[in-house]
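Please read this briefing alongside the sequence and the 3D structure.

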Amino acid sequence: MDQQAGLRVTVKGIVQGVGFRPFVYKLAQRLSLRGWVRNTNEGVELEANGDEAALQTFLDALRQEAPPLAHIDEITVTRRSPNGHVSFEIKESQVGASGFQPISPDLATCPDCLRELFDPADRHFRYPFVNCTHCGPRFTIIRDLPYDRPLTTMAGFGMCAQCASEFQEPSNRRYHAQPVSCPICGPQIWLVQGEEVVKDQEESLRRVRRLVAEGQIVAIKGLGGFHLACDARNPNAVAMLRRRKARPDKPLGLMLADVEAILRYCEASQAELAELQSARRPILLLRPRPDCGIAQEVAPRQNLLGVMLPYTPLHYLLLEKADGIPDGWVMTSGNRSEEPILTDNATAQTQLGQLAAAFLMHNRPIEAGMDDSVVRVDAQTGKLAPVRRARGYAPGPVHLAWSAAPTLAAGAEQKSTFCLARKNYAFVSQHIGDLSNFETLQAYEHSIAHNERLFRVQPELIAHDLHPDYLSTRYALRRAERQGIATLAVQHHHAHIAACMAEHGLPANSLVIGFAFDGTGYGTDGAIWGGEVLLAGYREYLRAYHLNYMPMPGGDLAVKQTWRLALAWLNLLGIEAEPALGTAQVTPEMLRGARRQLATGLNAPLSSSMGRLFDSVAALAGLRTAVSYEGQAAIELENCSDPDEGTGYAFEVGEGSFSAEGVIRGLLADRAAKVSLGRIAARFHNGVADLVLELAENVRRRDGLETVVLSGGVWQNMTLLAATRARLEAAKFQLYTHHQVPANDGGISLGQAAVAHHVLNGRGA
Ligand code: ZN
Ligand code: ZN
Ligand code: FE
């Protein structure tokens, strides 16, 4: 026999609930190693005895052959003398009080489980909750660590003998799959239609399918909450859903039956298809084929459709192919406008009772509400650009280039997320919603408590937005006072830039040229910022340039009634308003009121917002003079923009600020000359891209900085992003944009955590 040796190995990362221990077990068997493996609450720990060559192969294979859903961050190996193990075994979990580790996001049904779902000979045949070590619910069902069944929402389901034996057999792919269940012992579905309750599974499924085919709306409880579903090809059904949900324009997500359906309705690149089919199963924004058959009402005046594939066994059963059953369903979050996704059967019935003809329920509780994620694939780079980060991605951590003290970053207000940082992990929460009502605030606080428990974070510092009235700021200050925790206010646009720096792991002493272009953020002078060029490090920033302030007559009203912004421009340029603003929505009285606000400055707050400039341009170009959700005008402006080059409208750059006066004059002249809307839009986009290049060049000349960071909601505009990237790269700037967290306010919490860490460290130094 060769020389015997021993190793103690710890593995950190996402290594629990993904089949890691059975993998180690089988690998050890194959290499005739002896020892043990166990979960700890920092990851996985193991001891292996055997000959040198086998141990080396073992270590190589740990990384190279790891299960597909495992994500290894770190492997630590120490030598130990072999200590007489005679076999290899899987030991019970060891629980410490303060250890912590990343938790796997929820994962789409794997090919093996899918095969069983449709195999009449299998005991999981047509079982809507079939899952295994490689797939199924994770984060949404975990109440506390360690990840063992009693601490999940599966606690109430005792395993039948067969499930239990699969659960205990190391060579089975259900070995220690905590949510494992079958028709005998697991969760069940049923249908509630009016007073009637249908308990039979197949009858429930048939009814839902028939109702949807008939143009009705059905509420369906899924993985992270309720969806509202209807036939995506039926304009009346979609229009009815919009009316009942009070959501006139915002695009609705679709679930298409399979890849074939995706390609029939939409165009998709290889990279896009790969992401759609990944275990994350996001909603991807794709270009629909002309006259593809999806109702216009799904995404009015948009040139992209948000589509996803089925991701739970229940979805596969619902969208199973059959004559007369639509292969494209609207699947939009089951909630009232802007409120969090509903997760509880009774609450859903009360709140959605008027919206849905029937409810498809199940009895597996949802611990963490989770929306579907929305992402785009950047056509230039093939990389992801998240728009809404939730199911499949959260709570996957962002890896930090430093080791953070336990920190809570409270986030912003719209598209709210929070972030818990600890050591070199930043756990950015799933998308929670607009923190403007009681329900969202409750979901936010519940979610913070859940994540602090799971990731064992007791914040020593709470970072928050500078805006005193954000509910997240109030939460942060209230809690900090109650618990005697230090706080730090972080300026909104500084947080945007720091978020992008952090996700790229830029070093502590980095200085960048940050273009923070967005809708709204509280400035240090009390004005509403949003067209900001910052010389930024993590710790500090200098406001190098900003868009000249414009009044917003009517304050918040002007965010939706964008004609008010247009009026402010016309007023500034001394142009008669009526012809340009000729619209039925604006009465002479409203116009008089807005003029008075402009003249007196009362209720006309000042703003340097780039988002508001997009709104103004859309209004003055004749595209629309009101919006029903923020960003709508900018999205439509991007959609109608001609791809061919038009000379950009020129901004005028001054000392520390830049003016859009020339841009507005240029577009009004074009409009008077009957230039097409598409060309006006293209010239505007190019003008903004030219501006970014000019300002970046100025800063480089003056301060020698070469690195440009783009963040803020405006950068979700792929047309603008592409034009800007082309110019900056041609001029040899180093460019960073968002791939892990959204460029919109969903990324703010990460930036706050990054700033907090460096400010804290700066104080210590
Ligand atoms: Zn599976
Ligand atoms: Zn069972
Ligand atoms: Fe923002």
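Along the chain, the donors of the iron ion (ligand 3) follow the spacing H-x3-H-x21-D-x226-D. Asp 518 lies in strand 22 (residues 512-522) and Asp 745 in the loop between strand 30 (734-736) and helix 23 (748-764), so the pair ties together parts that are 227 residues apart in sequence. This is a predicted model, in which local features need pLDDT of at least 70 and side-chain atom pairs count only at pLDDT 80 or more, while totals for chains, interfaces and linings use all residues. Residues are numbered from 1 along each chain as its sequence is written, chains are lettered from A and ligands numbered from 1 in the order in which they are written, and side-chain values use heavy atoms, with hydrogens and water left out.

**Iron site**

- The iron ion (ligand 3) is coordinated by His 492 (NE2), His 496 (NE2), Asp 518 (OD) and Asp 745 (OD), at 2.0 to 2.2 Å.
- Donors are N, O and S atoms within 2.8 Å of the metal (3.2 Å for Na, K and Ca); water is not among the atoms, so sites may look incomplete.
- The arrangement is irregular because the four donor atoms around the iron ion (ligand 3) subtend angles of 89 to 168 degrees.
- Four donors count as tetrahedral if all angles lie between 85 and 135 degrees; four count as square planar and six as octahedral if opposite donors are over 155 degrees apart and all others between 65 and 115; anything else is irregular.
- Asp 518 and Asp 745 are both buried (buried means under 20% relative accessible area, exposed over 50%, partly exposed in between, with a 1.4 Å probe and protein chains only).

**Zinc sites**

- Cys 110 (SG), Cys 113 (SG), Cys 132 (SG) and Cys 135 (SG) coordinate the zinc ion (ligand 1) at 2.3 Å.
- The site of the zinc ion (ligand 1) is tetrahedral, with angles of 104 to 119 degrees among its four donor atoms.
- Cys 110 counts as buried at 8% relative accessibility, and Cys 132 is buried with a relative accessible area of 0%.
- The zinc ion (ligand 2) is held by Cys 160 (SG), Cys 163 (SG), Cys 182 (SG) and Cys 185 (SG), at 2.2 to 2.4 Å.
- Angles of 105 to 118 degrees among its four donor atoms make the site of the zinc ion (ligand 2) tetrahedral.
- The spacing of the donor residues is C-x2-C-x18-C-x2-C for the zinc ion (ligand 2), and C-x2-C-x18-C-x2-C for the zinc ion (ligand 1).

- Five strands form an open sheet in the order 4-1-3-2-5, with mixed pairing.
- Strand 4 (71-80) and strand 5 (88-90) stand at the edges with a single partner strand each, so one side of each is left without a neighbour in the sheet.
- Helices (H or I, at least four residues) and strands (E, at least two) are DSSP runs, numbered from the N terminus, and two strands pair if DSSP finds at least two bridges between them.
- Strand 2 (residues 34-40) and strand 3 (residues 43-51) pair in the antiparallel sense over seven bridges.
- Trp 36 stands opposite Glu 47 in strand 3.

**Strand 16**

- Both faces of strand 16 are covered, with Val 374 and Arg 376 buried on one side and Val 375 and Val 377 buried on the other.
- Strand 12 (residues 283-288) runs parallel to strand 16 and is joined to it by two bridges.
- Strand 17 (residues 384-388) runs antiparallel to strand 16, and four bridges join them.
- Val 374 is the bridge partner of Ile 283 and stands opposite Arg 388 in strand 17.

**Helix 19 and the cores**

- Helix 19 (residues 632-640) is mostly covered, as seven of its nine residues are buried.
- What covers these buried residues includes strand 16 (374-377), helix 18 (610-620), helix 21 (677-703) and helix 22 (718-730).
- The largest nonpolar core has 64 residues, and those with the most contacts inside it are Phe 515, Met 610, Leu 613, Phe 651 and Phe 684.
- A nonpolar core is a set of buried Ala, Val, Leu, Ile, Met, Phe, Trp, Tyr and Cys residues joined through side-chain atoms within 4.5 Å.
- Apart from this core lies another, of 41 residues, among them Ala 232, Leu 309, Leu 355 and Val 377.

Terms used
Contact means heavy atoms within 4.5 Å.
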